[in-house]
Amino acid sequence: MTMTRHFTLFHAPQSRSTGALVLVHELKADYTLHLLNLKANEQRQPEYLAVNPMGKVPAVLHDGALVTEQVAVYLYLADMYPEAGLAPAIGDPLRGPYLRWMAFYGSSFEPALCDRAMKHPPTPPSMCPWGDWDTMLKTITDQLEQGPYLLGDKFTAADVLWGSALTWTTAFGLIPKTPAIAAYIERVQARPAYITANAKDAELVAAQNLSA
């Protein structure tokens, strides 16, 4: 049976799923956009909770398969469009490092970031899945300093994920905008897919505001 590569992307503009919108432009993917209005709390309504009980975006529905969780969405879509070259294939020496930085985002960076933003008291590293803030931040910063991308010269879906995340976390002052981070963000933002997707997101926000 031949599986179509068309999928539905559940997206809310100016949210974490904006990075997924950048990714589908990088992939030149065949997709339908299902918009959610966060200001109208549509992500918490029964219709969407039936899709994703967590009420989070992005989510992907493809040929009956539901994919939630931001990192899983990136991995799934990048593997589905191998011709875009954004996911090292199994057997490629870069596959392991690629998966490492994808997983590091969800398992270390975001939990540490949320703890920091909420001003939670530090958890002893032995009891904390992501260790400690300083080590986490140094780990990703050290990698970016080797640049230009997380896997050296090869741009991957991991850079779409991290470029988007570091853009908003530095904008809100949650992450220091070091020279290495600033240069990395600039490289990611200069890509045509990033420019196109963010322009589309701005249009979607404007349309939602007009209909409010």
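Where does P148 lie? In the loop between α5 (133-146) and α6. I start there for its backbone. One note before going on: this is a predicted model.

The bond joining G147 and P148 is a cis peptide bond, with omega about 0 degrees. Now the next one. From V57 to P58 the peptide bond is also cis, and omega is near 5 degrees. P58 has its place in the loop between α2 (46-49) and β3 (59-62). For context, most peptide bonds are trans, and most residues other than glycine have a negative phi.

Q14 has a positive value, near 55 degrees, and is not a glycine. Its place is in the loop between β1 (7-11) and α1. Q14 is exposed, at 60% relative accessible area. Then N41. Phi is positive here too, near 65 degrees, again in a residue other than glycine. N41 lies in the loop between β2 (31-35) and α2. N41 is partly exposed, with a relative accessible area of 34%.

The largest pocket holds about 910 Å³ of space. It is lined by 32 residues, and those closest to its centre are S15, R16, V57, Q70 and W168. Which elements give two or more residues to the lining? They are α1 (18-27), α3 (70-80), α4 (95-117), α6 (157-171) and α8 (192-211). The largest share is from α6, with six residues. By class, the lining has 14 nonpolar, 13 polar and five charged residues.

Methods: Residues are numbered from 1 along each chain as its sequence is written. This is a predicted model: local features need pLDDT of at least 70, side-chain atom pairs count only at pLDDT 80 or more; totals for chains, interfaces and linings use all residues. Side-chain values use heavy atoms; hydrogens and water are left out. On a 1 Å grid over the protein atoms alone, a cavity is a set of points where a 1.4 Å probe fits but cannot get out, and a pocket is an open set with protein on both sides within 12 Å along at least five of seven lines; lining residues have an atom within 4 Å of a point. Grid points are joined across faces, edges and corners, and a volume is the space filled by probe spheres set on the points. Helices (H or I, at least four residues) and strands (E, at least two) are DSSP runs, numbered from the N terminus. Ala, Val, Leu, Ile, Met, Phe, Trp, Tyr, Cys and Pro count as nonpolar, Asp, Glu, Lys and Arg as charged, and the others, Gly among them, as polar. Buried means under 20% relative accessible area, exposed over 50%, partly exposed in between (1.4 Å probe, protein chains only).
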